[in-house]
Amino acid sequence: MSLLLTVPAALVFIGLAVRMWRADNRRLSIGVVAAIGGYFAIESLLVGLEGTLPVYLVFAIPLALLPLLILVLAAFLIANGVRMLRTESRSLANGLSLIAGVVLLAVPVATFLALTAMLSARDDQIVLRALLVAFVVAVDLGSTYVAAFFVLFLVYGVAYRRARIGDYDAVVVLGAGLIDGRVPPLLGSRLDRGAALFSARRVRGDDCVLIPSGGRGGDEPRAEGEAMAEYLRDTGVPADRVLPETEAVNTEQNLLLSGEIAEAHRPGSRVLIVTSDYHVLRAAMLARRVGLAAAATGAKTARYFVPSATLREFAAVAVMFPRIQLTAVALCVLAGLGAGALLWLAG
């Protein structure tokens, strides 16, 4: 590509991403636009270095390290999954990192076996070879899409968490489940973060309230919001500043019902959502979806808990865009069938 094309394209897409961020940074599409701008910026750099640096080195080194990276990442995820299942309850959510590690190993192995079978197939086994090509193309494209979406989710999530927190009049702390009716450490970290943010506003003399949000789960003796309010009062937050929400059964209801409480307390309230750091981006996106003008910030989470929680959040964010995911799957399958058909016709 010519620099006359790549440089203006990079500037346009990056400038558009900045403008979208300033308007409302709770959109994952901003990351897509920024990634396109980054692609053209890298392309411009490669064109500018042409003749002075072997371009193949730029790609050869990462590709050479890729197998090692996959092995290390898979081993880490499997080890983390085993620790999660031993430390926490044995559930699908807690085993996600173990599953991801196994899949990360299985996909290249399956692809290698399919390619080996295809190359060793006889010339008259054209249908088998076509099916194997279709499988390899579909799986590889699908894996690439999932990897790209995951990187987008991770990078944009980090960028959002580092964004400046604006002014706020109400701090909404999202529930995370009780243990025997008491606040567990994970939820306690959210409440401590919320109390600190509340205190920061009170020091300035601002009228701020804390809204602990969460209904009663099927295995809980009382509503999360009630236990959370008790925790906050015990840590020194004035009782008249704690306005619990006790009916919500999911994050969207947390946001809607807590927003109504904040609005009733003070019309036009500026809301700040407090949750765990891995949950910040999805909470902000859901707030935008339900029409709540709110930013989100996170509390620190135990490191061993982060991989599985991040994978769970990634899956939840992906489900928020069902049409995009179904379209991506369809395109990968069609590309695989197309490649197989071309081989079959050529044979």
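**View 1. Arg222 and Glu230 meet in a salt bridge.** In this close-up, the closest N and O atoms of Arg222 and Glu230 are 3.3 Å apart. A salt bridge here is a side-chain nitrogen of Lys or Arg within 4 Å of a carboxyl oxygen of Asp or Glu. Glu230 is partly exposed, with a relative accessible area of 34%. For these labels, buried means under 20% relative accessible area, exposed means over 50%, and partly exposed is in between (1.4 Å probe, protein chains only). Elsewhere, salt bridges with shared partners join Asp167, Asp169, Arg201, Arg266 and Arg270 into one network. How many salt bridges does the structure hold? There are 10 salt bridges in the structure.

Before you move on, please note that this is a predicted model, in which local features need pLDDT of at least 70 and side-chain atom pairs count only at pLDDT 80 or more, while totals for chains, interfaces and linings use all residues. Residues are numbered from 1 along each chain as its sequence is written, and side-chain values use heavy atoms, with hydrogens and water left out.

**View 2. Asp24 has salt bridges with Arg26 and with Arg288.** Start with Arg26, whose closest approach to Asp24 is 3.0 Å between N and O atoms. Are these residues buried or exposed? Arg26 counts as buried at 12% relative accessibility, and Asp24 is buried too, at 16%. Arg288 and Asp24 link distant parts of the chain, 264 residues apart. Arg288 belongs to helix H9 (residues 280-289), and Asp24 to the loop between helix H1 (3-23) and helix H2 (29-49). Helices (H or I, at least four residues) and strands (E, at least two) are DSSP runs, numbered from the N terminus. The side chains of Arg288 and Asp24 come to 3.1 Å, N to O. Arg288 is partly exposed, with a relative accessible area of 40%.

**View 3. Domain 1 touches domain 3.** The chain is divided into domain 1 (1-53), domain 2 (72-163 + 305-346) and domain 3 (170-301); these bounds come from an automatic or database domain assignment. Where domain 1 and domain 3 meet, 4 residues of domain 1 are in contact with 8 residues of domain 3, contact meaning heavy atoms within 4.5 Å. The two domains bury about 490 Å² between them, 60% of it on carbon and sulfur atoms. Which residues of domain 1 lose the most area to domain 3? They are Arg26, Arg27 and Leu28, together 92% of what that side buries. Buried area is the accessible area (1.4 Å probe) that two parts lose on being put together, summed over both. Between domain 1 and domain 3 there is 1 salt bridge. The C-alpha centres of the two domains lie 38 Å apart.

**View 4. Helix H9 is largely enclosed by the rest of the structure.** Why is H9 described as enclosed? The reason is that 8 of its 10 residues are buried. The buried residues are Val280, Leu281, Arg282, Ala283, Ala284, Met285, Leu286 and Ala287. You can look for the elements that cover them, including H5, E1, helix H8 (251-265), strand E3 (271-276), strand E4 (294-299) and helix H10 (306-319). Just after H9, Gly291 takes a positive phi of about 85 degrees.

**View 5. Asp180 has a positive phi.** Most residues other than glycine have a negative phi. For Asp180, phi is near 55 degrees. Look for Asp180 in the loop between strand E1 (170-174) and H6. Asp180 is exposed, with a relative accessible area of 63%.

**View 6. The side chain of Ser189 reaches the backbone oxygen of Lys300.** The distance for this pair is 3.4 Å. Ser189 is found in helix H6 (residues 185-203). Which residues does Ser189 touch, not counting residues up to four places away in sequence? Ser189 touches Ala299 and Lys300.

**View 7. Ile126 is buried in helix H5.** Helix H5 covers residues 126-161. Ile126 has a relative accessible area of 18%. Leu66 is 60 residues from Ile126 along the chain, and their C-alpha atoms are separated by 32 Å.

Key: A polar contact is a pair of N or O atoms within 3.5 Å; within protein, one must be able to donate a hydrogen and the other to accept it, and residues adjacent in sequence count only if both atoms are side-chain atoms.
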